[in-house]
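Subject: Structure for your review

Dear colleague,

Please find the structure below, with its sequence. My notes on what was found in it follow directly after.

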Amino acid sequence: MPVAASAIYFLNLRGDVLINRTYRDDVGGNMVDAFRTHIMQTKELGNCPVRQIGGCSFVYMRISNVYIVIVVSSNANVACGFKFVVEAVALFKSYFGGAFDEDAIRNNFVLIYELLDEIMDFGYPQNLSPEILKLYITQEGVRSPFSSKPKDKPVPNATLQVTGAVGWRREGLSYKKNEVFLDIVESVNLLMSSKGNVLRCDVTGKVLMKCFLSGMPDLKLGLNDKIGLEKESEMKSRPAKSGKTIELDDVTFHQCVNLTRFNSEKTVSFVPPDGEFELMKYRITEGVNLPFRVLPTINELGRTRIEVNVKVKSVFGAKMFALGVVVKIPVPKQTAKTNFQVTTGRAKYNPSIDCLVWKIRKFPGQTESTLSAEIELISTMGEKKSWTRPPIQMEFQVPMFTASGLRVRFLKVWEKSGYNTVEWVRYITKAGSYEIRC
């Protein structure tokens with residue numbers, strides 16, 4: 001549920017009301033007195049930013065020497081309330097020349113009332129974009145004499161922007177070379193037993209884009225997800241192409257994506273913002289391609305010696321390679337001396353984290369490397385405590401590989417002027433929480 005604010009108050013540090021706006025009639029005018037008496041005068045302002053008094057909730061935040069208080073009488077989304085406050089303050093600062101304090105509020109009463117009527121309707125947040133609001137609220141605020149922030153340039157075509165059609169992109173952009181960069185970045189989370197059995201595994205991914213395109217282009221992205229391919233074959237009345245398909249879970253999109261078209265056609269269509277942005281996020285829980293398999297063998301020889309043998313196998317293609325591979329092998333705290341041999345890379349004992357740290361700068365695909373170590377422990381007279389054996393941890397980055405199997409089938413750019421574009425696609429898989437039990 002959105003904020004559904006009943007009223008909003010701006011107070012100074014003494015609790016005096018600087019300005020307020022009531023959006024609903026379900027709260028009385030004495031709500032600010034309750035906030036002043038039960039919260040400000042009891043010195044509990046810093047304890048919790050959300051308080052409930054007499055059936056009403058107070059969501060408040062201090063900005064400079066001003067308290068902004070939102071009063072709600074229903075079960076509202078508190079995170080949305082705080083987000084509204086932050087965005088509203090950023091909007092006010094853009095009008096006031098970068099300053100937001102008690103003096104700025106006193107100098108801009110009329111403008112603030114006008115903005116409060118636009119950014120919230122019946123207690124529900126509306127458009128808070130400074131670029132869009134300045135198209136039709138053209139009154140300039142009284143700027144601080146200490147502000148050196150330049151005035152924002154007006155954006156053309158106010159009607160198109162205000163309707164929310166493409167509020168994230170302004171018109172009139174022009175580039176000599178039109179380019180689109182798309183990165184699929186995935187993080188693999190794994191928990192594996194010492195025998196090589198997968199106990200838990202999932203992939204979290206995001207599609208990052210950087211667009212330098214002229215005009216108002218319309219982009220269409222096709223992925224090898226199962227639902228999208230089935231929908232495409234259904235619309236074209238022909239069987240789906242053979243090949244690996246994946247099922248995306250927990251998908252979230254940037255606001256530029258046309259959700260109506262995605263729900264009907266299962267294609268990602270959008271008018272992109274200018275520059276860099278995150279197009280979508282997703283999660284995969286089935287059919288994960290693990291880039292590495294780790295086979296550890298640890299033998300405790302008596303009270304003062306441990307033998308460690310760790311074999312790491314790269315499972316991805318032979319033409320690929322991993323960069324920055326780090327394997328952290330835990331050892332007991334009472335380690336006195338270590339001797340080890342590695343087939344690739346370098347290893348050393350790091351006593352600050354109680355680990356053997358094995359680093360491999362470049363790890364080719366379809367190969368394996370081995371670390372063998374002998375660990376000598378400090379002998380103690382007391383009873384030996386059992387070693388809990390924390391899991392082995394890995395760090396890596398594999399370019400042009402996706403653990404989920406996600407692939408870009410096509411990336412189409414259409415613009416009415418018909419210019420040519422250059423599309424760049426890159427895949428990167430990183431280690432999230434990649435752990436192997438010893």
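The buried residues of α1 pack against β1 (7-12), β2 (17-22), β3 (50-53), β4 (56-63) and β5 (66-72), where a contact means heavy atoms within 4.5 Å, and buried means under 20% relative accessible area, exposed over 50% and partly exposed in between (1.4 Å probe, protein chains only). Helices (H or I, at least four residues) and strands (E, at least two) are DSSP runs, numbered from the N terminus. This is a predicted model, in which local features need pLDDT of at least 70 and side-chain atom pairs count only at pLDDT 80 or more, while totals for chains, interfaces and linings use all residues. Residues are numbered from 1 along each chain as its sequence is written, and side-chain values use heavy atoms, with hydrogens and water left out.

In helix α1 (residues 31-40), the buried residues are Met-31, Val-32, Ala-34, Phe-35, Ile-39 and Met-40. They cover an arc of only 160° around the axis, which puts them on the same side of α1; the arc is that of the directions from the helix axis to the C-beta atoms.

Helix α4 (residues 109-119) has Leu-111, Ile-112, Leu-115, Leu-116 and Ile-119 buried, and these fall within an arc of 135° seen down the axis, so they line one face of the helix. Tyr-113, also found in α4, counts as partly exposed because its relative accessibility is 36%.

Leaving aside residues up to four places away in sequence, Phe-292 touches residues including Val-312, Phe-316, Phe-363, Met-394 and Tyr-434.

Asn-420 lies in the loop between β22 (408-414) and β23 (422-436), and counts as exposed because its relative accessibility is 72%. Asn-420 and Glu-179 are 241 residues apart in sequence, yet 9.0 Å apart in space, C-alpha to C-alpha.

For the chain as a whole, there are 8 helices and 23 strands, and buried residues make up 43% of the 438 residues. Of the contacts with a separation of 6 or more, 70% are between residues 24 or more positions apart.
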